[in-house]
Amino acid sequence: MDHFDPEEAIARVQREFGEHGGVCPSISRSSTFTVMTPETMPEIFKGVRGPDQGGCYLYSRHFNPTVDVLARYLAAMENTEYAICTASGMAAIACTLLQLCRQGDHIVASRTIYGGTHALLADLLPNWGISVTFVDPTRAEAFEDAARPETRVYYTETVGNPTLGVADIPALARSARPRGITLVVDNTFTPMVMSPAVMGADIVVYSMTKFINGASDLIAGAICARRDFIRQLMDLHTGRAMLLGPTMDPRTAFDIIQRIPHLAVRMREHGRRAMAVAEHIQTWGLTVTYPGLPAFPQHTQMRAMMNPGYGWGGMLTIDCGTQKKAEAVMDRLQNTERFGFMAVSLGYFDTLMSCSGSSTSSEIDENEQRAMGLSPGLVRLSIGLTGNLEERLKQLQRALQACGLIG
Ligand code: PLP
């Protein structure tokens, strides 16, 4: 094997057995842990005897054994030294950026990102003296042009939400490193499909609420990075994850641990079906954006970045022209055809669809939406993996015909 294979990397991590030899790990719910020898306690507080330093667990806002199992799987999947899990994707993103930046610092960020992250960067961080310049994520030179001596971070999503532009991660890493800039990549849309850290990213963040968990029944996030950065996040005096407290509950960690082993199978199936849907929409004559289509602007670049064998991801968009038309299509698809659900979020086993401009990207103003190529009629679909694919394609065709989008 001459390429990185995330599925194999997870399989190689030491399996965590449960009490009594259980094939599932046990859930360790203690908030606090017994320290067996008195001299250990001060050493833990000095930061030299944590659970990863031959010491022991102290308190579950710091580290928890069950949450650590999930963190180990994620670090293996991303090929990073270490990881921590957080209560949400936004917690992972916010803690990472607040750890890296101080008053007076500057971030160059992709303009094609999840609306909540955009709001954090555009509206919240400037209040604390951290400035942000937004650029086109598909042009690595745009990041470089915007970089200043006080730039600390390049921030991008691998495949941007919602217009799916692909960032050139190797080129961004080449630009960031000599300038001492940290490259932070949100890989929420493409777990397994792409491995940003293998391509040179310093930190990979996730909303595990989406594909990684896959069941739309919990909110979770992760930060995958070098061990020293995770230690900084958990520092007892200045660690943003330690002190802002976005802790993952061990029961949530257990649920996700049980779903990691079929993440690769799910990603392949999301990708297979999304490809079939995109190809059919294309032959029906409607504009569709999907990275797997040869006409997609960064198709060749993404092929060079992908881990082979996991497909092109489960996300695609169609442009219905106006918000009204987009709403009519979603109404038909949900309430007449039972094709999927009108709901925000993504990565569920059923298809989810939303009109991004007026929902998950509504924090972004109209001018900025236009600049990122987000039209008011754009419908984002997270293609599910339930039901018969042929039947699903017929449902979709009938709905698009009924709304006058195809003949
Ligand atoms: N990153 C991306 C790409 C997202 O789409 C989202 C949520 O939609 C987030 C981060 C935030 O994740 P969470 O809702 O788990 O906080």
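A residue is taken as buried when its relative accessible area is under 20%, as exposed when that area is over 50%, and as partly exposed in between. The model described here is predicted, and Y348, with a relative accessible area of 17%, falls under the 20% cut-off and is therefore buried. The rings of Y348 and F349 lie 4.3 Å apart from centre to centre, with 35° between their planes, an arrangement classed as tilted.

In the protein as a whole, 15 helices and 12 strands are found. The radius of gyration is 22 Å, close to the 22 Å that the globule rule gives for 407 residues, so the protein is as compact as a globular protein of that length. The C-alpha trace spans about 75 × 55 × 40 Å along its principal axes, and 59% of the 407 residues are buried. Of the contacts with a separation of 6 or more, 71% are accounted for by residues 24 or more positions apart. The accessible surface amounts to about 16,800 Å², and carbon and sulfur atoms contribute 51% of this area. As to charge, the protein carries 36 positive and 41 negative charges, whose mean positions are 2 Å apart.

The count of aromatic pairs comes to 4, and among them is the pair formed by F63 and Y82, which is likewise tilted, with 6.4 Å from centre to centre and 35° between the planes. This pair joins distant parts of the chain, since F63 belongs to the loop between α2 (40-45) and α3 (65-78), whereas Y82 belongs to strand β1 (residues 82-86), and the two are 19 residues apart. F63 has a relative accessible area of 7% and is buried; Y82, at 10% relative accessibility, also counts as buried.

A further buried position is provided by N161, which is located in the loop between β4 (151-157) and α7 (169-176) and has a relative accessible area of 4%. When neighbours within four places in sequence are left aside, the contacts of N161 are with T112, I113 and Y114, together with F189, M372 and R380.

Key:
Residues numbered from 1 in each chain as written. Predicted model: local features only at pLDDT ≥ 70, side-chain atom pairs only at ≥ 80, totals over all residues. Heavy atoms only, no water. Helix = DSSP H or I, 4+ residues; strand = E, 2+ residues; numbered from the N terminus. Rg over C-alpha atoms; globule rule 2.2 N^0.38 Å. Buried < 20%, exposed > 50% of the residue type's maximum accessible area, 1.4 Å probe, protein only. Contact = heavy atoms within 4.5 Å. Areas by Shrake-Rupley, 256 points an atom, 1.4 Å probe, with all protein chains shown as cover. Lys, Arg positive; Asp, Glu negative; His and termini not counted. Charge placed at Lys NZ, Arg CZ, Asp CG, Glu CD. Phe/Tyr/Trp six-rings, centres within 6.5 Å; stacked < 30°, edge-to-face > 60°.
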